[in-house]
Amino acid sequence: ISQNGTVCLTINHEYYDSTSTMGYARIFTYDGTEQNKLYEYKVKLNSQTSTTLKLGLPAGKYFFEFESDSRSCERPYNFIDNYAAADNWEITPNYKLTDATAIQIGKTYNGSLYGIEDDHYSFTIDKNSTLKVTFNHKYTDSASTFAYIEIMSYDGSSETLLNEFSSKCNNKTTSSSVSLPAGQYPASAPPYCPA
């Protein structure tokens with residue numbers, strides 16, 4: 001992809017009356033010797049259309065792999081890989097503090113949680129401030145916790161938790177205020193609702 005944006009892969013196949021897995025779709029980078037998996041999901045036989053999460057990716061070259069399940073060989077499929085330029089999405093991978101997506105204060109950003117993972121963001125404030133952090137997600141009919149939002153300081157080797165709040169699956173919007181001195185901060189959203 002020529003610039004930062006979102007990628008969403010859709011795989012279509014005939015319907016089969018089985019709950020078995022047809023195969024595994026993966027999106028990854030490759031440096032010539034090693035694959036770095038960014039996302040993987042199962043494609044079920046009884047689901048005619050399977051769509052990945054929308055992934056926010058930086059400009060670069062990516063690969064898609066569809067590995068068949070040996071029990072489901074020789075089944076036809078087709079796919080489409082959609083891309084849209086965007087500057088308001090997380091940059092995957094951002095699973096570690098050292099890979100945090102840099103964000104600007106006052107701007108809305110989008111992300112997608114894949115499995116049990118942490119999404120990290122970093123921001124800078126130039127003077128002592130009180131910030132209000134608002135977290136939105138789609139409604140899910142469950143009282144389970146969707147995510148924990150943490151604001152922390154990080155000195156390159158250790159982190160200190162400064163503020164934490166959680167968002168329930170059935171509460172689409174959650175916010176919290178925190179007073180911070182000037183500086184650079186990472187923030188994370190771990191992990192997603194298991195519902």
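I started at Y148, which stands opposite S166 in β12. I then looked at the strands themselves: β11 (residues 145-154) and β12 (residues 159-168) run antiparallel, joined by nine bridges. Strands here are DSSP runs (E, at least two residues), numbered from the N terminus, and two of them pair if DSSP finds at least two bridges between them.

I noted that this is a predicted model, in which local features need pLDDT of at least 70, side-chain atom pairs count only at pLDDT 80 or more, and totals for chains, interfaces and linings use all residues. Residues are numbered from 1 along each chain as its sequence is written, and side-chain values use heavy atoms, with hydrogens and water left out.

I checked the cover of β11: seven of its ten residues are buried. Buried means under 20% relative accessible area, exposed over 50%, partly exposed in between (1.4 Å probe, protein chains only). Four residues sit between the strands of the β11 and β12 hairpin, and there G156 takes a positive phi near 100°.

Next I looked up salt bridges (a side-chain nitrogen of Lys or Arg within 4 Å of a carboxyl oxygen of Asp or Glu). I found five by this rule. E65 forms one with R26, the closest N and O atoms being 2.8 Å apart. That pair links strand β6 (residues 63-68) to strand β2 (residues 21-30), 39 residues apart. R26 is buried at 14%, whereas E65 is partly exposed at 27%. E67 also meets R26 in a salt bridge, at 2.7 Å, N to O.

Last, I found a cis peptide bond between T92 and P93, with omega about 0°. P93 is in the loop between β7 (77-85) and β8 (101-102).
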